[in-house]
Amino acid sequence: MSRHRDALQQSVEAGSRFVALYASEETVRTVLVSPDGTPQIIVAPVVDGRTQSVVDLVPAAAWDEREAGDLYAIRFDGHEPMRPLVNHDLDLGSWTVPVHGHDAYQVAVGPIHAGVIESGHFRFHLVGDRILHLDVRLFYKHRGLERAAEGHSPEGGIAFAQRACAGCAVSNSLAYAHAWEDALGLAPTRELARSRTILLELERLWSHLNDIAAICAGVGFAAGNNRFAGLTERARRLNATLTGHRFLFNTISVGGSTFTLTREQVGHAYEQLEAIRDESRRAWRELLFNASFQDRLPDVGVVSVDVARTLGAVGPTARASGLAEDVRTTSRRLAYDDFQPVAPKRTAGDVQARLEQRAVELLQIVDLLESLLDAPVNPTAAVAGELEAAVGIGRVESPRGATVCVVERTNRQIKRLHLRTGSYANWPVVVHAAAGNLLPDFPLINKSFELCYACADR
Amino acid sequence: MLTLLRDLRSLRRTVALPRPDRGRSLALRHVDAGSCNGCEHELTLASSPYYDLQRFGLGLVASPRHADVLLVTGPVTSRMREPLLAAYHAMPEPRRVAALGDCALGCNVLGTHDALVGSVDEVLPVALRISGCPPRPDEIAAALLALIDQKTDTHGERD
C-alpha cells in the first residue's frame, strides 16, 4: 500500500473525517479534520497522469475523484467504474449505472425543470413507480470559478467564493476569508468573530425558513408554503435593513470587517427576530396538526445513520439521521462558545426528520442571534501573530452543512482555490435516499435536502 | 389550517397590495442558464404573499410550450446553451425573451472562457432586460408589467 493511503487510513482510524480532495500541481491532496477540528492535508503524487484512488477508504471522496478526473485528467487506479461527473460530452452509457431486468425503464428529468428550480439532470431507473436507482448529472452550471480565481489577490478572489451561490454567499465567502487568514497567520478579534457569526446565522435564518416553505411546496401544501415564504421574505428584508443586501452580499472581507450595526439597527433586528420566532412557531403548530401534510413525511427518503456516516453527509441532513455533526462545535474563529448541535426527538433520517431538524434549528438560530445582538457591531481588523503558511484552510457550517475552502498561495496571489460546499457533500446522499421510493415522492425527497446546484457546480 | 389561512389573509391586508387595473396576462417559463441561484430565490418570492405576481396575470408555467416569455437567469454556460435553445424553440410564437439579473445581461460575469458562452443576448434575441444582483421581487414584477404593455402594443406581430 502506498504512503498516502497508509497515512489516510491511520488518520481515519484515529477518528479524523474526510472533508475534501482536489488536484493541484501534479498531486492529489486530501483534506481531513480531526475530531477537535484540526485540519490535515495528505499529498498523493500523480505520476504519468495516474494516482491511487482512496475511494475504498473514504467513500465520501467519490465525487471529488470523479471531478479531479474530468477537470485535471487524472486516472485514479482502483476507482472502478470511474464515471464522468463534470464532462458532459460522453454518451449515456458512460455516466449511468446499467440497470437491467423485467419491465425496468428510464425517466429523464431536466436539466430544465417545471418550476423555478436550478438546472440539473436526473435519470431515474424504475419499475412501475418504484425508483430502483437514480443517476444525477449536475455541473450544467459549471462556470469554472476555481480556475478563474487563480492569480487574484485575497480581496479580489472573494467574489468567486461569494457568487458561487447566493444561498450560501456568507458561508462560502467566510470559508474563503478564514482560509486566507489561516495562510496569512491572522487571528480574529472577539468583535470580528461576533460580527461574522451574526452574518452566518442571518443567512441560516432565511435559508431554514425557505427550506420549510420548500418542503410544503414539495407536497403541494400551498398554505404552508405561502406562510413560510412570507417569513422568508421578512428575514430577507431584515438582511437588507441590516446590511443593505437581501442576501448579505459584500459583508465579508479578508483580514477584517467593515460591517456595522447601530444601536437602532440592533433594536430593529431584535424586534424582527421576536416576530419571526412567534409567527413561525404558530405556523409550525399548524403544520403539525395538518394530517394530510404529515401523512406524506415519515419513512420517505430514508438516510440511515450508517449511510450518512459512510457517504459523509453533513449539516441538517446528517443531524436528522442521528449524527451530531456540526462545524460550529469547533469553530475557533467564530463566536460559538459552548455551542451544542440540536436535533429533534425522532432522528429517523427521513423527510419528516429533516423537516423537524430545520424547525428546531430555527429556534436555536433566533436564540443565538439574540444573544449575539447584545451591543452595536463595529468595524474591526484581525490581528497578526500566528504562523504564516503556503496553504490555508477555512471551514464553516453553512445552512446545508460543512463547507471547506482551501487556498494555496504565492505571496498574496491565489495559486489554487478549492471550495467544497455542504451541498456538494450531500448530493451523493440524495441519490442514495431516492432508491426504493416512489417517483412522485422524489420532488419531496429532493426538497427535504434543498441543496444548491450552483455551489456544487461552481 | 384555518389559522394558517387566517394569518395569510391578515398578512395580505397588512401588505395591502394595490389591485391591478389590467385584464391581461403573460405566461412565464423560467430557465436557469447558469445563475448563482440568487435570481431564482427572488423570483420564487415574487409569488409570495408580499408581492403576489399572479394578481397581474403573471404566472409561471411548467412548459415552454405554454409560455409567452422565456425568463432566463445567469450567464449562459457552455453546458446550458443547447437546453436553453431547445426551450426557446419549443415556445409558440409570438415569443419574448427576458434576461433576468446582471449575469444574464453580461455584467461582471465570473468564470472561464471554456465554461461560459456569455450573456443571454449572445444566444437569443432579448426583448426585456431586468438588472440587479439579484433584482428584488418588486423590481422583477415592475419590469414584467412593462412587458405586458409592450406585448399589447405589438399584438399579433411575429418575430
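**Hairpin, helix pair and chain contact**

Modeller: Start with one pair: A:Val404 stands opposite A:Arg420 in strand 15 of chain A. Bear in mind that this is a predicted model.

Colleague: OK. How many bridges join strand 14 to strand 15 of chain A, and do they run parallel or antiparallel?

Modeller: Seven bridges. Strand 14 covers residues 401–410 of chain A, strand 15 covers residues 413–420, and they run antiparallel.

Colleague: Which residue takes a positive phi in that hairpin?

Modeller: A:Asn411, with phi near 50 degrees. The hairpin has two residues between the strands.

Colleague: Switching to helices. Where do the axes of helix 13 and helix 15 of chain A come, and at what angle do they cross?

Modeller: They come within 9 Å and cross at roughly 35 degrees. Helix 13 of chain A spans residues 351–372, and helix 15 spans residues 442–449. The crossing is left-handed.

Colleague: Which residues make the contact?

Modeller: Helix 13 of chain A gives A:Val351, A:Arg354 and A:Leu355. Helix 15 of chain A gives A:Leu444, A:Ile445, A:Ser448 and A:Phe449. Five are nonpolar, one is polar and one is charged.

Colleague: Now the two chains. How many residues does each give to the contact?

Modeller: Chain A gives 39 and chain B gives 38. On the chain A side, helix 4 (145–149), helix 5 (154–162), helix 8 (222–243) and helix 9 (263–288) each give two or more residues.

Colleague: Which one has the largest share?

Modeller: Helix 8 of chain A, with eight residues.

Colleague: And how does that side divide into nonpolar, polar and charged?

Modeller: The chain A side has 19 nonpolar, ten polar and ten charged residues.

Definitions and conventions
Residues are numbered from 1 along each chain as its sequence is written. Chains are lettered from A and ligands numbered from 1 in the order in which they are written. This is a predicted model: local features need pLDDT of at least 70, side-chain atom pairs count only at pLDDT 80 or more; totals for chains, interfaces and linings use all residues. Axes are lines fitted to C-alpha atoms, for helices over the stretch in contact, and angles run from 0 to 180 degrees between N-to-C directions. Helices (H or I, at least four residues) and strands (E, at least two) are DSSP runs, numbered from the N terminus. A crossing is left-handed if the near helix is turned anticlockwise from the far one by less than a right angle, and right-handed if clockwise. Two residues are in contact if their C-beta atoms, placed from the backbone, lie within 7 Å. Ala, Val, Leu, Ile, Met, Phe, Trp, Tyr, Cys and Pro count as nonpolar, Asp, Glu, Lys and Arg as charged, and the others, Gly among them, as polar. Two strands pair if DSSP finds at least two bridges between them.
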